[in-house]
Amino acid sequence: MSKKTTAIILPIIVIALVAVISMKKGGEGAMSYKTASGLVFGTSYNITYESDKALEAEIKAVFDSVDYSLSPFNKESIITAVNENRPVEVNDYFIEVFTLAKKVHKATDGAFDITVAPLVNVWGFGFKEGHFPTDSEVDSLRQIIGLDKVRLEGRHIVKDDHRIMLDCSAIAKGYAVDKVGEMLARNGVKNYLVEVGGEIVAKGKNSRGKTWSIGVTKPVDDSLSVNSEMQMVLSITDCALATSGNYRNYYIKDGHKYAHTINPKTGYPAESGMLSATIVAPTCAEADAFATGFMTMGRDKSLEILSDRQDMQYILIYDDKGTTKQDISKKLNIK
């Protein structure tokens, strides 16, 4: 990361929902645009959907299922049992996420890796208390990093080393967004927007009959999450969107910024020059995972992958010798 102190506003993308929802009259039994919001997975969620019935109980059930399957903060979750080497059968949610994680791991040449948990934890960004590690600690932990050291056999996870730990936080929010969207579709909902911590799935139209407007906030280091000035507005529908950046979860030590994106190959916070990656893809889990991988890979390698993926659009913000630049997919609809 550049340590320049000039007053340049770094264009790190934060996805914000731009919506003035004009609610149609009518309660239960009448078609109307309904909203649900709250806190989940340590962040906020906002959901807008057109339906003749309230579906908040169903939404909560989906979130609970994802939490039970994939949350390392939940002591009773499946992933906690896996990490603690307790015998457990993994469920369909776990299998779907693990299988996708393997695919993205291969596609990104290991840049996306859900076994990076021990390194994330020791740097102080994970689900266990950390500290500033020594070089020898980092080198030691690197020996138990690598998704190729873990496999699925039936409904059981098998590790080459019992110290290996899994952390799906860079894909689970996106997956939860997808599962809520699937639940809404099963209930006959055609128009909806699901957002969890900035990860989004949009289908159909909003209450004004328009495509959904998603704001991209002006990028500044924002550990308190107070920045809301808009950089651009996208118009999207029938797709998913996720962003990864180093603008909120970081700390400063001896004048150097250490961000939460850890490079699995080096064991240190990524210094690829990438400031943020926003990916539009068919599913939010996929967008979430690739956005994280691209933060580690850097601009050039990311664009190589994206050139072969016509089903993905992108906004990549990066530092080029102290100058902030961006690559924006031509197919994106910027308002």
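The model is predicted. Its chain has eight helices and 15 strands. Of the 335 residues in the chain, 52% are buried. Among contacts with a separation of 6 or more, 62% join residues 24 or more positions apart.

**Helix α1 against helix α3**

- Helix α1 spans residues 56-70 and helix α3 spans residues 92-107; the two pack at an angle of about 65°, and their axes are 9 Å apart.
- The two helices α1 and α3 are therefore roughly perpendicular to each other.
- The crossing in which α1 passes α3 is right-handed.
- On the α1 side the contact involves Val-62, Ser-65, Val-66, Ser-69 and Leu-70, and on the α3 side Tyr-93, Phe-94 and Val-97.
- Sorted by class, the contact of α1 with α3 holds six nonpolar residues, two polar residues and no charged residues.

**Helix α3 against helix α6**

- The axes of α3 and α6 come within 11 Å, and they cross at roughly 125°.
- This angle makes α3 oblique to α6.
- Helices α3 and α6 form a right-handed crossing.
- From α3, the residues in the contact are Asp-92, Tyr-93, Glu-96, Val-97, Leu-100 and Ala-101; from α6, they are Ile-171, Tyr-175 and Lys-179.
- The contact of α3 with α6 has six nonpolar and three charged residues, and no polar ones.

**Helix α1 against helix α6**

- Helices α1 and α6 pack at an angle of about 145°, with 10 Å between their axes.
- Here too the crossing is right-handed, with α1 passing α6.
- The α1 residues Glu-58, Ile-59, Val-62, Phe-63, Val-66 and Leu-70 meet Ala-172, Tyr-175, Ala-176, Lys-179, Val-180 and Met-183 of α6.
- In the contact of α1 with α6, ten residues are nonpolar, two are charged and none is polar.

- Val-62 of α1 takes part in the contact with α3 and in the contact with α6.
- Tyr-93 of α3 meets α1 and is also part of the contact with α6.
- Tyr-175 of α6 belongs to the contact with α3 and to the contact with α1.

**Aromatic pairs**

- A search of the whole structure finds five aromatic pairs.
- One of these pairs is Phe-41 with Phe-63: the ring centres are 5.6 Å apart and the planes lie at 80°, so the pair is edge-to-face.
- Phe-41 is in the loop between β2 (32-40) and β3 (43-51), whereas Phe-63 is in helix α1, so the pair ties together parts that are 22 residues apart in sequence.
- Phe-41 has 29% relative accessibility and therefore counts as partly exposed.
- Phe-63 has 4% relative accessibility and therefore counts as buried.
- Tyr-93 and Tyr-175 form another pair, and because their planes lie at 85°, with the ring centres 5.4 Å apart, this pair is edge-to-face.
- Tyr-93 sits in helix α3 and Tyr-175 in helix α6 (residues 169-186), so the pair ties together parts that are 82 residues apart in sequence.
- Tyr-175 is buried, at a relative accessible area of 5%.
- Phe-41, Tyr-45 and Phe-63 are linked into a cluster by ring pairs.

**Gly-293**

- Gly-293 is part of helix α7, which covers residues 284-297.
- Its relative accessibility is 0%, so Gly-293 counts as buried.
- Gly-293 and Ala-107 are 186 residues apart along the chain, and their C-alpha atoms are separated by 9.4 Å.
- When neighbours within four places in sequence are left aside, Gly-293 is in contact with Ala-111 and Phe-112.

**Ser-51**

- Ser-51 belongs to strand β3.
- With 2% relative accessibility, Ser-51 counts as buried, because the cut-off for burial is under 20%.
- Not counting residues up to four places away in sequence, Ser-51 touches Ala-30, Met-31, Ser-32, Lys-34 and Val-189.

Technical notes:
Residues are numbered from 1 along each chain as its sequence is written. This is a predicted model: local features need pLDDT of at least 70, side-chain atom pairs count only at pLDDT 80 or more; totals for chains, interfaces and linings use all residues. Side-chain values use heavy atoms; hydrogens and water are left out. Axes are lines fitted to C-alpha atoms, for helices over the stretch in contact, and angles run from 0 to 180 degrees between N-to-C directions. Helices (H or I, at least four residues) and strands (E, at least two) are DSSP runs, numbered from the N terminus. Angles under 35 degrees count as roughly parallel, over 145 as roughly antiparallel, 65 to 115 as roughly perpendicular and the rest as oblique. A crossing is left-handed if the near helix is turned anticlockwise from the far one by less than a right angle, and right-handed if clockwise. Contact means heavy atoms within 4.5 Å. Ala, Val, Leu, Ile, Met, Phe, Trp, Tyr, Cys and Pro count as nonpolar, Asp, Glu, Lys and Arg as charged, and the others, Gly among them, as polar. Rings of Phe, Tyr and Trp (its six-membered ring) pair if their centres lie within 6.5 Å; planes under 30 degrees apart count as stacked, over 60 as edge-to-face and the rest as tilted. Buried means under 20% relative accessible area, exposed over 50%, partly exposed in between (1.4 Å probe, protein chains only).
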